[in-house]
Amino acid sequence: MELQRTAVVKLSVPNDRRDDLKETMDTFRNAAQRFADRGWEGNNDGYVITSRSQLQPYLYDDIRDETGLHSDLCVAAVNHAAHALRGVVDRMKESEKVSKPVFTSNTTVYNTSAISYFDGYCTLAAYGSGRVKAEYVYPDDSIQAEYMESDEWDKQGAKLRYDQQTDTYYLHVSVKQERDDTQEEAEGRTVLGVDRNVDGYLAVTSSGAFIGNADLLNHKRREYERRRGNLQQTGTRSAHLTIQSIGDRFANWSENYLHNVSKEVVTEAVANGCKTIVLEDLENIREAVSNLSKFQQWAFRELSRKITYKAKAEGITVEVVNPAYTSQQCSHTECGFTHEDNRDGDEFVCQKCGKELHSDYNAARNIAARYLRNRRKSGSGGATNHLALKSGTVNGSGDFTPTVSRG
Ligand SMILES: [Zn+2]
């Protein structure tokens, strides 16, 4: 089975090449916009053009001549526009009100011809004197390091994003891995810890999968509430009917979104050969949950309901643990130091042993480990269970078995 991930890597870009990269990004965005504009105008039959191969001939040569944009980036710009236009047409088919795609974000899409990956750095096609060489910035034992450096992950295209506030470039690299059944068997009866959130990633697993976007869910909800509010003020019968229909559509969308997220969680458990998925016990965090909006509470519960239901179909059980301090405790098996200063937003840095990892990933590891410890204490044979980690497994006694690398 194929596992897919996105490695998010901070880049160190040499000062004398920052302008080249920014100019490339701006030109890419303008090119993508021109393609989108042309696609939106439509073909001879008046249909929006959503196919890359149909869209490309209209403008490709002009854009290349006028801007000198790298040919692969120009192709990526057509793809980017065609993808956005397909999204618009999909929503049109659901009789949503749509408008032309407008690209405002600081993003450049790199296919594998426009980016090359090396040990510790990449080179990116850009304006100026040759490719830009940018070093990766991440801790050695981070998930990002694993995705970028391990031969087991096959690196594909990437999106380069520029964060204006911090003046920082981030590379979002798609990576994938083919898992064979032998490996699933070898890892045996592992336990998958899952940390759920109401912002950032919806679910993060102890095996290092970052799944779903809670911010997108919240954003869609606010959009829906805003539209509903406007229509309520109108007060007409047709406004009332529209409220019902956008309400139904939002309910369908969010149901479907959580369906996909829960499916990915269960797929992750299957891929790691896990027989148990461990979640936080909501009863123990009732107070924290009651501070959330009704919608977020619903999403939180709905996600566990859907995970439980889908896991059952795969013969996987779902268990819960008390989540107290799972976000403050160091998940390094030889440490376990708990302190509130360990966590700062997304970053977890143990104040005792110095281990650095993503906060949610740290919490997910603790959730799985706590379940195994409880099992061991209660004498129900937890030591034969294993916690699924990114590069190996840890059993209930804390013994680490690295994943056997395949040649
Ligand atoms: Zn520690």
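**Exercises on cores and a zinc site**

Leu171 touches Ala7, Val8, Val9, Leu11, Ile115, Tyr117, Cys122, Leu124, Ala158, Lys159 and Leu160, leaving aside residues up to four places away in sequence, where contact means heavy atoms within 4.5 Å. The model is predicted, with local features needing pLDDT of at least 70 and side-chain atom pairs pLDDT 80 or more, while totals for chains, interfaces and linings use all residues. Residues are numbered from 1 along each chain as its sequence is written, and side-chain values use heavy atoms, without hydrogens and water.

**Exercise 1.** Determine which residues touch the most other members of the largest nonpolar core.

*Solution.* Begin with the term: a nonpolar core is a set of buried Ala, Val, Leu, Ile, Met, Phe, Trp, Tyr and Cys residues joined through side-chain atoms within 4.5 Å, buried meaning under 20% relative accessible area with a 1.4 Å probe and protein chains only. Among the 60 residues of the largest such core, Leu11, Phe35 and Leu171 touch the most other members.

**Exercise 2.** Work out the geometry of the site of the zinc ion.

*Solution.* First identify the donors (N, O and S atoms within 2.8 Å of the metal, or 3.2 Å for Na, K and Ca): the protein supplies the SG atoms of Cys330, Cys335, Cys350 and Cys353, lying 2.2 to 2.4 Å from the zinc ion.

Key:
Buried < 20%, exposed > 50% of the residue type's maximum accessible area, 1.4 Å probe, protein only. Tetrahedral: all angles 85-135°; square planar, octahedral: opposite > 155°, others 65-115°.
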